[in-house]
Amino acid sequence: MTSPLRSMTGFGSATLERAPTRAHIDIRTVNHRGLRINLRGQANLGVLEKELRDAVKEVIHRGNVDVTIEIIQTQPDAAAIINREVAASAVAALRDLAKQHGLANEIRPADILQVPGVLADQSHNGIAEEEWPVVIDALKQALAQVLVMREAEGEATARIFAEHITAVETFAQEVARRAPELSAQFR
């Protein structure tokens with residue numbers, strides 16, 4: 001049995017959450033003569049990188065594959081969200097500005113939160129081992145979507161090929177039917 005015709009272009013996306021981690025994965029594929037896998041998004045995938053690449057290779061055998069990974073802690077430690085050093089510097093700077101310009105010295109928490117760097121990014125640089133299952137499962141869901149899209153586009157291409165083959169066959173039959181009379185006309 002032959003495998004279905006697949007397009008080289010595809011997209012898949014999956015978001016999977018298992019407290020305290022949410023993994024979001026986007027996969028884009030385009031034509032390429034070999035298999036090239038580009039992992040992006042997390043600064044340090046560590047040992048998980050090989051497992052991610054192997055999971056992609058199981059499903060996609062050819063093409064340029066861009067995998068973007070975003071991991072967010074859904075129940076982060078409040079102390080990790082607020083960068084207290086930056087907040088303290090911001091308060092001191094705001095008080096100095098107020099004093100220097102004769103302004104009221106009332107600083108609201110909302111004012112401090114507007115200062116860049118006070119709120120820490122909730123995504124993090126590495127993937128902890130306990131987060132691997134949610135990342136791998138999200139990757140597999142996104143890969144399944146890519147495969148569905150590539151097969152749907154492949155089926156559409158196969159239908160177009162079939163239509164063209166039918167048209168060529170019809171034309172060839174017409175030529176074969178008219179061949180004897182065309183010879184006489186040319187003479």
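Trainee: Is Arg53 buried or exposed, or in between?
Mentor: In between. Arg53 sits at 25% relative accessibility, so it counts as partly exposed. The classes are buried (under 20% relative accessible area), exposed (over 50%) and partly exposed in between, with a 1.4 Å probe and protein chains only.

Trainee: What does Arg53 pair with?
Mentor: Glu49, in a salt bridge whose closest N and O atoms are 3.1 Å apart. The term means a side-chain nitrogen of Lys or Arg within 4 Å of a carboxyl oxygen of Asp or Glu. Glu49 is partly exposed too, at 31% relative accessible area.

Trainee: What should I know about the model itself?
Mentor: It is predicted: local features need pLDDT of at least 70, side-chain atom pairs count only at pLDDT 80 or more, and totals for chains, interfaces and linings use all residues. Residues are numbered from 1 along each chain as its sequence is written, and side-chain values use heavy atoms, leaving out hydrogens and water.

Trainee: Back to pairs. How many salt bridges are there?
Mentor: Seven by this rule. Among them is Arg178 with Glu181, at 3.5 Å, N to O. Those two are three residues apart in helix H5 (residues 132-186), about one helical turn. Arg178 is partly exposed at 32%, and Glu181 is partly exposed at 38%.

Trainee: And what does Glu17 pair with?
Mentor: Arg22, with the closest N and O atoms 3.1 Å apart. Glu17 is partly exposed at 45% relative accessibility. Arg22 is partly exposed at 31%.

Trainee: New topic: H3. Which of its residues are buried?
Mentor: Ala87, Ala90, Val91 and Ala98. Seen down the axis of H3, the buried residues fall within an arc of 100°, so they line one face of the helix. That arc is taken over the directions from the helix axis to the C-beta atoms.

Trainee: What do they pack against?
Mentor: Helix H4 (109-113). Contact there means heavy atoms within 4.5 Å.

Trainee: And which residues are exposed on the other side of H3?
Mentor: Glu85, Asp96, Lys99 and Gln100.

Trainee: What follows H3?
Mentor: Gly102, with a positive phi near 65°.

Terms used. Helix = DSSP H or I, 4+ residues; strand = E, 2+ residues; numbered from the N terminus.
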